Amino acid sequence: MAKKNFKELFDPRESKWGGISLPMFLCALIVVAIVVYVPFGLDKEGNPGSFLRPNFLIMFSALAVFGLLFGEIGDRIPFWNDYIGGGTILVFFMAAVFGTYNLVPENFMKAVNVFYGKQPVNFLEMFIPALIVGSVLTVDRKTLIKSISGYIPLIIIGVIGASAGGIAVGLIFGKSPIDVMMNYVLPIMGGGTGAGAVPMSEIWASKTGRPASEWFGFAISILSIANVFGILCGALLKKLGEAKPNLTGNGELIIDNSKEAIRDKEVDVKPELTDTTAAFILTGVLFMVSHILGEVWESLGLGFDLHRLVFLILLTMFLNIANVVPDKIKAGAKRMQTFFSKHTIWILMAAVGFTTDVKEIINAAAPSNILIALAIVLGAVGLIMLVARTMKFYPVEAAITAGLCMANRGGAGDVAVLGAADRMELISFAQISSRIGGAMMLVLGSVMFSFFAS
C-alpha cells in the first residue's frame, strides 16, 4: 500500500478528505465552525445561544468533520502513523485536549454527551452492537465453538501476567502485593469504568464503610493511564504484526480457523441493501432481548452484574452455532459491520476524546504509578503472547483482545485499542474481555476487599 502524504491533501483535484474534495471539505469545516462557535440569540436559560442543535445528524456531521481534519493529518505524520496509531489516535487526543481545556463551548460538550455518553440513546449503543452482530455472525461455526472453550482461559492468563508485572514493579517502589492488586490491578483489569471501576468502588465501600469516591478517585486515574498505554500498545502490536507476519492472523484470532470458508461465503453471497437493512433490524431486536435478559439478571441479585452486551454476544453466538440466520443476512451483517468499523471510527474517536479528561491522567502521573500501570499492561500482553500459539491463538490478536481489551476503559477503550491496532473485526472478543472478564474481576475484587480492605 502506498504511503499517504500531505501533498495529496491539499490538491483540489484529489478527494482525500473522507472522499470529499478539498474545497468541499473547507466549506464543511467553515459551516461546522459557525455552528459550534458563533453566538446567536439566547437559550432557554437566558445565556448566549448558538446555531447548534444537539440532534443526531448535526452532531454526527460535526464530529465527522473534526475526525476527518485530524484523522487525515494523523495518517500522514510519519513516526506518529507508523508507531503511535495514526489518525485514530490523533483524533482521540486532539478531541480530549479540546474538551478538557474548554476549546469548544459548553453547549457543544453537552451535545457530545447526548450523542455519546450516559444518555439512553447514543452512538456507542448502535456502534458496538452492530460490530458484535456483524463479527459473530460471520465467524466460522467451528471456530466459534472452539473459541468458547479456549478464550476464557486466555483472559485468566492475561490477568496472571498483569498481576505478576504490577507486583514486581510495585515492590521496587515499596508497595505491597495486596496494595498493587487492590488499587492497581483490579481497576485496570476490571472491565472499564461503568461496568468495572464504579461497581467495584461500591463493593469496596460496602466492605470498608467508607465513601466509594475514596477508592474510585485513584482507580479512575490509574485506569486512565493504563488506557493510554493500552491504546499505544495496540498501535505497536499492529506494527509488530507487520514486521513479524508469523505472529499475526491479520485480524483473525484463532490459528486453525476456516478462513477459506469465510472468504468463499463473502464471494458467493453478495448482499443487497435490503439484506443490510434486515441485518440492522436483527441487531436491534437482539439488543432488545439482551437488554431484557440483563434486567432480569440484575433483578436476581446474584452479587455481580452481567452487562447486556454479554447477552448480545451469547445470543448471536447461539444463532450462528444453530445456523438459523440466512447467508444473505449474514453477508448484510458483514457489510453493516464494515460500514461502522471502517467509515465511522473517527467520528466515535472524536466523541470518546471529547468526554475524556486529560487532567485525570495528569493527576495520577507520578513516576511510580506510571511504571506500575505500564508493567500491568505489558505483563498481560507478554504472558499472553508467550502462551498464545500453544493455545492455537495468534499472539498479536490474542494480546490485543485478551490483554489490552481487559486493561482499558471498557467499551470505549475497546474501540480505541482496536482502532489503533486496526483490528476492529475483533470487537466481539474484545467485548468478551471487557464484559465477562470484567465480571470475573468484580468477583475477585469482592473476595479481596472482604479479606484485605480496611
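This is a short talk on the aromatic ring pairs in this structure. The model is a predicted one, so please take every value I give as computed from that prediction.

Let me start with the count, which comes to 24 aromatic pairs. I will go through two of them and then turn to a cluster.

The pair of F40 and F51 is stacked. The ring centres sit 4.5 Å from each other, and the angle between the planes is 20°. Where do F40 and F51 lie in the chain? F40 belongs to strand β1, residues 39–42. F51 is in the loop that runs between β2 (48–50) and α3 (56–74), and eleven residues separate the two. As for accessibility, F40 is exposed, at a relative accessible area of 52%. F51 is partly exposed, at 38%.

Now the second pair, Y151 and F429. Their ring centres are 5.4 Å apart and the planes meet at 55°, so this pair counts as tilted. Y151 comes from helix α8, residues 141–172, and F429 from helix α21, residues 427–452. The pair therefore ties together parts that are 278 residues apart in sequence.

Are Y151 and F429 buried or exposed? Y151 is buried, with a relative accessible area of 1%. F429 has 8% relative accessibility; buried means under 20%, so F429 counts as buried too.

Last, the cluster. Which residues form one aromatic cluster? They are F56, F60, F115, F123, F127, F280, F339 and F340.

To recap: F40 and F51 make a stacked pair, whereas Y151 and F429 make a tilted one. That is the end of my part.

Note on methods
Residues numbered from 1 in each chain as written. Predicted model: local features only at pLDDT ≥ 70, side-chain atom pairs only at ≥ 80, totals over all residues. Heavy atoms only, no water. Phe/Tyr/Trp six-rings, centres within 6.5 Å; stacked < 30°, edge-to-face > 60°. Helix = DSSP H or I, 4+ residues; strand = E, 2+ residues; numbered from the N terminus. Buried < 20%, exposed > 50% of the residue type's maximum accessible area, 1.4 Å probe, protein only.
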